[in-house]
Structures are given as structure tokens and as C-alpha cells.
Amino acid sequence: GSGAGPSQEPEDEAALAAGEEAQLAAALEESARLEERRAAVEQPPEPELPPSEQEPPTDFICPITTEIMSDPVMAADGHSYERSAMERWFATRSTSPLTGEALEHPY
């Protein structure tokens, strides 16, 4: 030996290449399994609450009643409110419920 390592026969090279291909295939399979598991973990599960108990968008909530509006109206301040709440509000006030600023007209 010249110290450069053992010389290999062509059959040994073919066996090594086959072994490397098997290792590569196993690594690719493991990578695919891990990717599937990671994707499953990253995707949040579907909400378990029925639609009626999910949080509605904040734009659907009246700032006065803090409930979902069924008859929304837009006041001069540019905000939406439940109509009945605004009628009660404007019966005694002429200001914006959110900003407190005076409104020239309620609508």
C-alpha cells in the first residue's frame, strides 16, 4: 500500500454506490415523514366552537351596547351604532358616544 487507503475493486464501488442510494432513499423518506408531521403541527385545528359562539368582527359590535348590532346606523362621527341605542343616546345628548365631540347632526 502506498498509504492512500485500500484500493477498491469495481464490485466494491458498485456495492458502495448501492448502499449510498439506499441511505439517500431512507433519508428522503424520513424527510418526507418529518415534513408531513411539521405541516400537521403548523396548521391550526379547526375551531371547536359553534359559529354562534365565535367572536364576531369588532365592526359588528355596537360601542354603546357592546352587543352585535341588528339594525346598525352610522352617526356623523363616522362610527356605526345600534339604531335603538343611538336614539336613546341622542334623546339626552348631542355628542359622539366614542369621541365625546359635539355632533352637528346625529346622522
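Modeller: Among contacts between residues at least 6 apart in sequence, 17% join residues at least 24 apart; contact means heavy atoms within 4.5 Å. The model is predicted: local features need pLDDT of at least 70, side-chain atom pairs count only at pLDDT 80 or more, and totals for chains, interfaces and linings use all residues. Residues are numbered from 1 along each chain as its sequence is written, and side-chain values use heavy atoms, with hydrogens and water left out.

Biologist: What makes up the secondary structure of the chain?

Modeller: Two helices and two strands, in the order α-β-β-α along the sequence. Helices (H or I, at least four residues) and strands (E, at least two) are DSSP runs, numbered from the N terminus.

Biologist: Why is Val73 called buried?

Modeller: Its relative accessible area is 18%. Buried means under 20%, exposed over 50%, and partly exposed in between, with a 1.4 Å probe and protein chains only. Val73 therefore counts as buried. Val73 belongs to strand 1 and, leaving out residues up to four places away in sequence, touches His79, Ser80, Tyr81, Arg83 and Met86. Its C-alpha lies 9.4 Å from that of Ser84, eleven residues away in sequence.

Biologist: Why are Thr65 and Thr66 labelled as they are?

Modeller: Thr65 has a relative accessible area of 25%, so it is partly exposed. Thr66 has 59%, so it is exposed. Thr65 sits in the loop between helix 1 and strand 1, and Thr66 is found in the loop between helix 1 (10-42) and strand 1. Thr66 also has a positive phi of about 55 degrees, although it is not a glycine. Beyond four places in sequence, Thr65 touches Ala85 and Arg88.

Biologist: Which residues form the largest nonpolar core?

Modeller: Seven residues: Cys62, Met69, Val73, Ala75, Tyr81, Ala85 and Met86. A nonpolar core is a set of buried Ala, Val, Leu, Ile, Met, Phe, Trp, Tyr and Cys residues joined through side-chain atoms within 4.5 Å. Setting aside neighbours within four places in sequence, Ala85 is in contact with Cys62, Ile64 and Thr65. Over the chain, buried residues make up 11% of the 107 residues.

Biologist: How do you know where the buried residues of helix 2 lie around its axis?

Modeller: The buried residues of helix 2 (residues 83-92) are Ala85, Met86 and Trp89. They cover an arc of only 95 degrees around the axis, so they are on the same side of helix 2. The arc is that of the directions from the helix axis to the C-beta atoms. Strand 1 (72-74) and strand 2 (80-82) are included in what covers these residues. The face turned away from the buried side carries the exposed residues Glu87, Arg88 and Ala91.

Biologist: What makes Arg93 count as lying over the face of Trp89?

Modeller: Arg93 is 4.0 Å from the ring centre of Trp89. A charge sits over a ring if NZ of Lys or CZ of Arg is within 6 Å of the ring centre and within 35 degrees of the ring normal. Arg93 is listed as lying over that face.
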